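Me: Could you walk me through reading this model, one feature at a time?

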Amino acid sequence: RAEHVQIAVRCRMLGCSTVARLFLSRLDCAVEGSFLGGGISGLRTGSFELQRVAESIEWEDFVVDVDWESLVEGRHYWLCMDADGEHPELGPGSTGFRFYITAAAAVAPAAI
């Protein structure tokens, strides 16, 4: 099982910044306790920084290095974002994306 995986994120210009933080959570992203300083084993990951890799007039591309160690296989997790990072003005919210954590390392067609 991979311990670190990269997620690519594309945002409209000025829609994201390197201040923003992403995390994966089994709870609704806005639920109290879903965004804590560190990960809670099986419930959520710690928060991850966005790293800008490209930009244009209309969009910016980022990557996020996600540590999957605290996640439980066979569960779904929401990708959550706190746009202002550590600042309390904006709370975390859902990006609308959900991940399923699987133990499968590869899929190959069966030989006949």
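This is a predicted model: local features need pLDDT of at least 70, side-chain atom pairs count only at pLDDT 80 or more; totals for chains, interfaces and linings use all residues.

Reply: Residues are numbered from 1 along each chain as its sequence is written, and side-chain values use heavy atoms, with hydrogens and water left out.

Me: How many helices and strands does the chain have?

Reply: Helices (H or I, at least four residues) and strands (E, at least two) are DSSP runs, numbered from the N terminus. Here there are zero helices and seven strands.

Me: Which strands form the open sheet, and in what order?

Reply: Strands pair if DSSP finds at least two bridges between them. The order is β1-β5-β4, with antiparallel pairing. β1 (4–12) and β4 (51–55) are the edges; each has a single partner strand, so one side of each lacks a neighbour in the sheet. Between β1 and β5 (residues 59–67) there are nine bridges, and C11 has E60 in β5 as its bridge partner.

Me: Which residues touch the most other members of the largest nonpolar core?

Reply: In soluble globular proteins, nonpolar side chains tend to be buried together. A nonpolar core is a set of buried Ala, Val, Leu, Ile, Met, Phe, Trp, Tyr and Cys residues joined through side-chain atoms within 4.5 Å; buried means under 20% relative accessible area (1.4 Å probe, protein chains only). This core has 18 residues, and V9, L22, L24, L50, V64 and V66 touch the most other members. β1, β2 (21–25), β5 and β6 (76–82) each supply at least two of its residues.

Terms used:
Buried means under 20% relative accessible area, exposed over 50%, partly exposed in between (1.4 Å probe, protein chains only).
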